[in-house]
Amino acid sequence: MSLHTLPVHRGLRVPYVARWTGEEDISPAIVNAGGALRYTEPIADAACRWQNALWRRLARAQGMGEPIFEALHPVRQRIAMWEQRCQVCGQSVAEEAAAMGGALYLGGMDVESGTQDPMAEGERTENPPLHLACAWESVSHCRHLLEGYTAARVARPRQWGAAGILHSPARGTVVPVGRTEVSYGSARLGWMLAERAIVRLTGVRAVDLACEAERAGLLAAGSR
């Protein structure tokens with residue numbers, strides 16, 4: 001799916017990773033089986049297992065209903081992270097990353113502190129990379145990014161783990177403990193209902209997105 005064929009809602013292109021209201025949660029019931037979370041439906045359990053974690057199951061109906069811009073579809077988000085696809089257009093960022101010295105990542109303003117610190121070496125993120133053109137469109141229209149953002153080129157994004165709801169066994173069943181992040185290879189991953197893939201950013205170089213956009217001809221000189 002290219003930038004020009006993305007679903008459009010009220011004049012705005014809807015990012016590849018965004019969830020739609022037609023993509024309802026269709027996760028079966030979960031149980032403790034064999035010392036880990038399992039879906040009660042074996043076929044769904046096998047289809048939704050990745051890196052030893054059970055992933056939340058949502059319908060895949062991109063473009064159906066209304067977009068939920070602040071929510072991400074677990075499967076498309078995970079694909080974008082593992083295959084280094086742009087979170088907006090869904091296409092590979094590999095060629096641009098090779099030419100520009102790293103994949104482009106954006107960070108928004110911290111909700112609690114109200115600050116927008118530069119992305120740091122070793123920082124973890126749930127946000128997939130972007131193409132420069134897609135990033136420039138995002139900061140021009142995304143409500144969250146309009147409040148402030150930081151940008152960086154990342155030479156070596158490393159697959160780190162998953163974010164989701166950790167569970168605990170209790171009297172023959174399981175109960176949710178809370179939302180957290182767990183690294184791949186951890187035994188705790190077997191007790192998580194995962195929702196987001198996480199990468200660790202290494203080889204981080206802060207960039208001025210407006211300068212990159214201007215050099216690429218995405219905005220007129222002097223309009224920064």
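Predicted model: local features only at pLDDT ≥ 70, side-chain atom pairs only at ≥ 80, totals over all residues.
Let me begin with the largest nonpolar core, which has 46 residues, and within which Leu 106 and Leu 209 have the most contacts. The elements that each supply at least two residues of this core include the strands β9 (103-108), β11 (149-170) and β12 (173-183), together with the helices α4 (132-141) and α6 (209-215), while β13 gives the most, with 6 residues. If we then take Leu 209 and set aside residues up to four places away in sequence, we find that Leu 209 touches Leu 104, Leu 106, Leu 132, Ala 135, Trp 136, Val 139, Tyr 149 and Ala 151. Apart from this core lies another one, of 6 residues, among them Val 17, Val 75, Ile 79 and Ala 80.

I would like to turn now to Ser 138, which has its place in helix α4. Ser 138 counts as buried because its relative accessible area is 14%, and the cut-off for that term is under 20%. A polar atom of the Ser 138 side chain lies 2.9 Å from the backbone oxygen of Cys 134, and, leaving aside neighbours within four places in sequence, Ser 138 is in contact with Val 88, Leu 130 and Leu 145.

Finally, there is the second largest pocket, which holds about 190 Å³ of space. Its lining comprises 6 nonpolar and 4 charged residues, with no polar ones; Arg 56, Arg 57, Arg 60 and Arg 78 are among the lining residues, as are Ile 26, Trp 55 and Val 75. Val 75, as I said, is also one of the residues of the 6-residue core.

Key: Residues numbered from 1 in each chain as written. Heavy atoms only, no water. Core = buried A, V, L, I, M, F, W, Y, C linked by side-chain atoms within 4.5 Å. Buried < 20%, exposed > 50% of the residue type's maximum accessible area, 1.4 Å probe, protein only. Helix = DSSP H or I, 4+ residues; strand = E, 2+ residues; numbered from the N terminus. Contact = heavy atoms within 4.5 Å. Polar contact = N/O pair within 3.5 Å; in protein donor to acceptor, adjacent residues only side chain to side chain. 1 Å grid on protein atoms, 1.4 Å probe; cavity = no way out; pocket = protein on both sides within 12 Å on 5 of 7 lines; lining within 4 Å. Points joined across faces, edges and corners; volume = space filled by probe spheres on them. Nonpolar A, V, L, I, M, F, W, Y, C, P; charged D, E, K, R; others polar.
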